[in-house]
Every structure is written in C-alpha cells, then in structure tokens.
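Student: Hey, can you walk me through this one? I've never looked at it before.

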Amino acid sequence: MTTRDARTKHAPQYSASAPSPSAPSLSAPSPSVPSFDSAPAPAPATGAGRRILAAAALAATAPYLALKTAWLAGSRIGIPDGSVLLEAGPFLTVANAVTLAMDACVILLVLVLTRPWGLRTPAWMLTVPVFTATGLLTPILLGFPGQLLVRALGFGDGPEVAAAREPFLDSWVFIVVYTGFTVQGLALAGLFVPYARRRWGRRWQGAAGERLPSSTGVVAAAAASGALVLAASFLYWAFGGTAGLSAERAEAFSAESAVGSVAHAMCALAAGAGALLLARGGALRARWPLGLAWIGGAATLAWGAWLLNASLGPQLGDGEGPSAAAQLIYAGQMVTGALTTAVLTRFLISRRES
C-alpha cells in the first residue's frame, strides 16, 4: 500500500482513516437482522485457545486507538509535513472520534463472546455489530495481505514513484493499522463461530432444506444480478480500465489498488451466490450458502455505505471527488448487500419456524 493509494478518493482499497470493525449503533434493533434467539446452552469454561484469541483481539485494537487518541489530542505522529491531513479541520476531528469509538466497540464484542453473560445478550444486540464487523473487516482481510504480497514480489510502486507523490501518512502507519485490523478480524471470527454454534447451532447446521418463497427467489435473483454487475466493474478497474473513474483515481492505478478492487469483486460474487443458494434450498449443507451470504452481503453492504457516505462528504485538499459512475457503483454495493441480507434474514426466520 502506498501513500498515493491512501489518498485516492474512495477507491476500493484501504487507508488509515478507513472504518474499524464495529460501526453499528446498539440503541435499536436493525430491521434487516432477525431476532432468532433461543435458550442457549450453558457456557463452558473459557479454554486456552479462546483466551489467546480474546487477548489477541484486544491487543490488536491498541495501535489504532493510540493513534486516533494522539491525533485527537493534537499530535502529528505518523503525519508528514505537507500532508493534507494537517489542514483537514473539524471534519477530520469528527471522523477520528467516530472511528475511534468504532474500534473501541471491539472490546465490548470480545467480552460478549467470551463471558457467560454474553449468551444472554439479546440476539440483535450481538448480530448487528458482528455483521457490521464482518462487513468492514472482510475486504481488509482479503486485500491487505494481497497488497503486501504484491509489494514483496516487486509489483508495487518503487521508491521514486512514492517520493513523487504528495505526502499523506507515513508508510509505517498503514502497516501497523492494517496488521491490527487483520488480527482483529481473525480473532473475532475465531471467537464468534464457537459462540454461534452453542447458541444457534441448529440454525445453520444440516441441509439448506426447502426452497424459500418465490418472492424471496426474486430478491435473490436481483442480488445475484447486481453482484455480477459489481464484480465486472471492479475487475474492469482491477485490470486497468479507466471508464467511470475520475482523472485523479485513474492516474493512481497500481497493482496494489488492483488487489483492493479484486477483493470487492470477490465479496460481491459471494453475496450473489449465497443469496441464490439460500433461496433455492436443497441438500447442500446450510453452512456454506449461509457463510457466503453473511460474509459477502455484509462486506458489500458495509463498504458500499462507507464509500458512498465518504464520497458525499468534504474532500481533503484540492483533490477531485469520485465520479458519478463511482458513486453509482457504491450505491449498487449497498443495494446488493441489502438484498442479500433480506434473503439471509428470510432464511434464518424459516429455520426458526421449522
């Protein structure tokens, strides 16, 4: 990841101001996530593996929280001279405060997933933040290691190109922050899967079962169609296409930014495939389409919402904002993710009623 990539406005890749794992409000239930609670099994004693995962998730929040706190306090750590971040004003202050609070929610999630009282937490109060965390972290888990690999293989931008770009953040900031996000994502997944098995195991074990109602099938087909359009668009950009991009973003194309586009294409395809498989039912084990719909739908919805909201806000420096075509793609991500979530919700309700 390069400093130029970070400055590229709302590209499908990652910067140090990108969302952290837990963005949802805990004040009211989301209409798109069902309350499919049931009497949970007694919580077993926390094993060594779960304690290690919990400690890793908590430790991984420290770098991001420390940086955001320092910036809110006026520190310039990690921000080079000449960076547009030094002139961002109150908008950046609010953004730093919001993203700090989002990452701090990881601490609460870890407690819910590891403490006995967490099994008594209302279902919506857990599934909404976990769904959002899945959405925000999945493209990072896919894209960031790929970008590191591209750089290690020598396909990234050289030092001369990096030096010619306008300063944004010191390169070490991206490594520290996204390594932390990667550890958070893996640790939270490792904690949530056994939790879900104890609490809602019968919802996702066994075969997918009967075909969902035809109206749900129409929604699934719409989600799959949107996913194909999104995947084609992101892959077109990944291979160097410039149609629909602002001039600034087209000039910023690199192998590393291409990896980010591929990650978003993969998430969109997972969302569409998961929606179709859930709607058609059958003898396929439910965990596979459910996993595709949960991960792909969450990632497509969360990042579409994040990128669209960011594109509509103030732009840093004098750079171009995203094109109307790019904003349309971000809106398409939101719609596709929402349609997949609707199919996922209907499937879970059908399992509860069975």
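This is a predicted model: local features need pLDDT of at least 70, side-chain atom pairs count only at pLDDT 80 or more; totals for chains, interfaces and linings use all residues.

Student: Okay. How many helices and strands are there in the protein?

Tutor: The protein has 11 helices and 2 strands. Going along the sequence, they come in the pattern α-α-α-α-α-α-β-α-α-α-β-α-α.

Student: And how much of the protein is buried?

Tutor: Of the 354 residues, 50% are buried. As for contacts with a separation of 6 or more, 87% of them are between residues 24 or more positions apart.

Student: Let's zoom in. Where does Leu 278 sit?

Tutor: Leu 278 belongs to helix α9, which covers residues 255-280.

Student: Is Leu 278 buried or exposed?

Tutor: Buried: its relative accessible area is 0%.

Student: What does Leu 278 touch?

Tutor: Leaving out residues up to four places away in sequence, Leu 278 touches Leu 212, Pro 289, Leu 290, Ala 293, Val 343, Leu 344 and Phe 347. Take Leu 290 from that list: Leu 278 and Leu 290 are 12 residues apart in sequence, and their C-alpha atoms are 6.9 Å apart in space.

Student: How do α9 and α10 pack?

Tutor: Helix α10 spans residues 287-312, and α9 packs with it at an angle of about 135°, with the axes 7 Å apart. The two helices are therefore oblique to each other. Their crossing is left-handed.

Student: What kinds of residues make up the contact of α9 with α10?

Tutor: By class, there are 14 nonpolar and 5 polar residues, and no charged ones. On the α9 side they include His 264, Cys 267, Gly 274 and Leu 278, while the α10 side includes Pro 289, Gly 296, Thr 300 and Trp 303.

Student: You mentioned Cys 267. Is Cys 267 buried or exposed?

Tutor: Cys 267 is buried, since its relative accessible area is 4%. Another cysteine, Cys 105, counts as partly exposed at 26% relative accessibility.

Student: How many disulfides are there?

Tutor: The structure holds 0 disulfides.

Student: Remind me, what is a disulfide?

Tutor: A covalent bond between the sulfur atoms of two cysteines.

Student: New topic. At what angle do α3 and α6 pack?

Tutor: Helix α3 (residues 90-114) and helix α6 (residues 171-204) pack at about 25°, and their axes are 10 Å apart. That angle makes α3 roughly parallel to α6, because angles under 35 degrees count that way. The crossing of α3 past α6 is left-handed.

Student: Which residues meet there?

Tutor: From α3, Asp 103, Val 106, Leu 109, Val 110, Val 112, Leu 113 and Thr 114 take part. They meet Phe 181, Gln 184, Leu 188, Leu 191, Phe 192 and Tyr 195 in α6. This contact of α3 with α6 divides into 10 nonpolar, 2 polar and 1 charged.

Student: And how does α4 pack with α6?

Tutor: Helix α4, residues 123-152, packs with α6 at an angle of about 135°, with axes 8 Å apart. α4 and α6 are therefore oblique to each other. α4 passes α6 in a left-handed crossing, and the residues of their contact come to 17 nonpolar, 5 polar and 2 charged.

Student: Great, thanks!

Technical notes:
Residues are numbered from 1 along each chain as its sequence is written. Side-chain values use heavy atoms; hydrogens and water are left out. Axes are lines fitted to C-alpha atoms, for helices over the stretch in contact, and angles run from 0 to 180 degrees between N-to-C directions. Helices (H or I, at least four residues) and strands (E, at least two) are DSSP runs, numbered from the N terminus. Angles under 35 degrees count as roughly parallel, over 145 as roughly antiparallel, 65 to 115 as roughly perpendicular and the rest as oblique. A crossing is left-handed if the near helix is turned anticlockwise from the far one by less than a right angle, and right-handed if clockwise. Contact means heavy atoms within 4.5 Å. Ala, Val, Leu, Ile, Met, Phe, Trp, Tyr, Cys and Pro count as nonpolar, Asp, Glu, Lys and Arg as charged, and the others, Gly among them, as polar. A disulfide is a pair of cysteine sulfur atoms within 2.5 Å. Buried means under 20% relative accessible area, exposed over 50%, partly exposed in between (1.4 Å probe, protein chains only).
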